[in-house]
Amino acid sequence: MKKTSKILAVLLALCLTLGLAGCGEKTQQPQQSDVHYTIGIMQLMEHDALNLAQQGFVDRLAERGYTDGDKVTLLIENGQGDQNNLVTIADKFVSENVDLAFCIATPSTQAMASKTTTIPIVATAVTSFTKAGLVESDEQPGGNITGTSDLNPITDQIDLLLQLCPDVQTVGFLYTSSEDNSTLQCSIAKDYLENKNIKTVERTITNTNDIQQAVTAIVGECDAIYIPTDNNFASAMPTVNDVTMAAGIPVICGESNMVKTGGTATVGITYYGIGQAAADMALDILENGADPATMPIQSTDDYEYCINGPVCQALNITVPEELQQYVIDPAAEKAE
């Protein structure tokens, strides 16, 4: 009888021990608030549009409760416009085994895509994901990449040019030959102008060192210039402005920050907005397990006009009454 009681006591003690261990394990299970992600952010280069896309992404994360060091670690890298740097950054993100990569601009996305097919990639400031070879289609990307496009209303931009400068007979195009997004935008614009029987000429560059020579060469061959959302030209608009203002040539740009740093006018998207939309997509992947392969590429029709008042005045361009509300003075804005 005593032996039986001892056995029962041992069994009871064992059960209590296992029960307590089980309770301990439950208290150590990660709660939703304990989740911590690592996001690698790769930006092609420094210029206002790409900076705004990154800021929109980071701000939207913060709005949804993710600030750097709190629920998320942000590894922010800038390639400084160098493809070798982009490859090095991509290798770093893979070795760090980031939970998601946020890539800003086409070359950054291509560099990351060449290094992984498993880490989710959300990209922005990519004009055409399909033309860049990043996805199978905008509706069904089919791999580990999705994001937000920065394709602008290019025909509206050309219409704005013709509204401001109705006597234009030849439009010059400036862009980087290796940037797929620039090639696509210029192709659309050229076709539109040809249908209006307006001539076109072009100069392409390979890097920012070629810009001054290209601009100087083209101003004698055209009445106006169109520059798409080209990253090299966006980073060097003051240089463009020096040459075009001296020649009396207006410049229609791909986005508003290029206007603020030397261009004449544009109508286009906001990069801050597409950065925010990309953050929402990233969190859908991280929080809900959404699959980039089935997440359609997003675009926006939230456009804004931007007209550089001092440049128009210097070029004797009369801004129509209906567009006066969009005229800005970049120097005054900066002073504020």
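**Ser149 and the cysteines: a briefing**

Cys253 counts as buried, because its relative accessibility is 0%. The model is predicted. No disulfides turn up anywhere in the structure.

**Cysteines**

- The closest cysteine sulfur to that of Cys253 belongs to Cys306. The gap is 9.0 Å, so the pair is too far apart for a bond. A disulfide would need the two sulfur atoms within 2.5 Å.
- Cys312 is in no disulfide either. Its nearest cysteine sulfur is that of Cys165, 7.7 Å away.
- Cys312 has 2% relative accessibility and therefore counts as buried. The cut-off for buried is under 20%.

**Ser149: placement**

- Ser149 lies in strand E6, which covers residues 145-149.
- Ser149 counts as buried because its relative accessibility is 7%.

- The Ser149 side chain reaches the backbone oxygen of Thr127 at 2.9 Å.
- The Ser149 side chain also reaches the backbone oxygen of Val126, at 3.3 Å.

**Ser149: neighbours**

- Leaving out residues up to four places away in sequence, Ser149 touches Val126, Thr127, Phe129, Ile269, Ile274, Ile297, Gln298 and Ser299.

How values were computed. Residues are numbered from 1 along each chain as its sequence is written. This is a predicted model: local features need pLDDT of at least 70, side-chain atom pairs count only at pLDDT 80 or more; totals for chains, interfaces and linings use all residues. Side-chain values use heavy atoms; hydrogens and water are left out. Helices (H or I, at least four residues) and strands (E, at least two) are DSSP runs, numbered from the N terminus. Buried means under 20% relative accessible area, exposed over 50%, partly exposed in between (1.4 Å probe, protein chains only). A polar contact is a pair of N or O atoms within 3.5 Å; within protein, one must be able to donate a hydrogen and the other to accept it, and residues adjacent in sequence count only if both atoms are side-chain atoms. Contact means heavy atoms within 4.5 Å.
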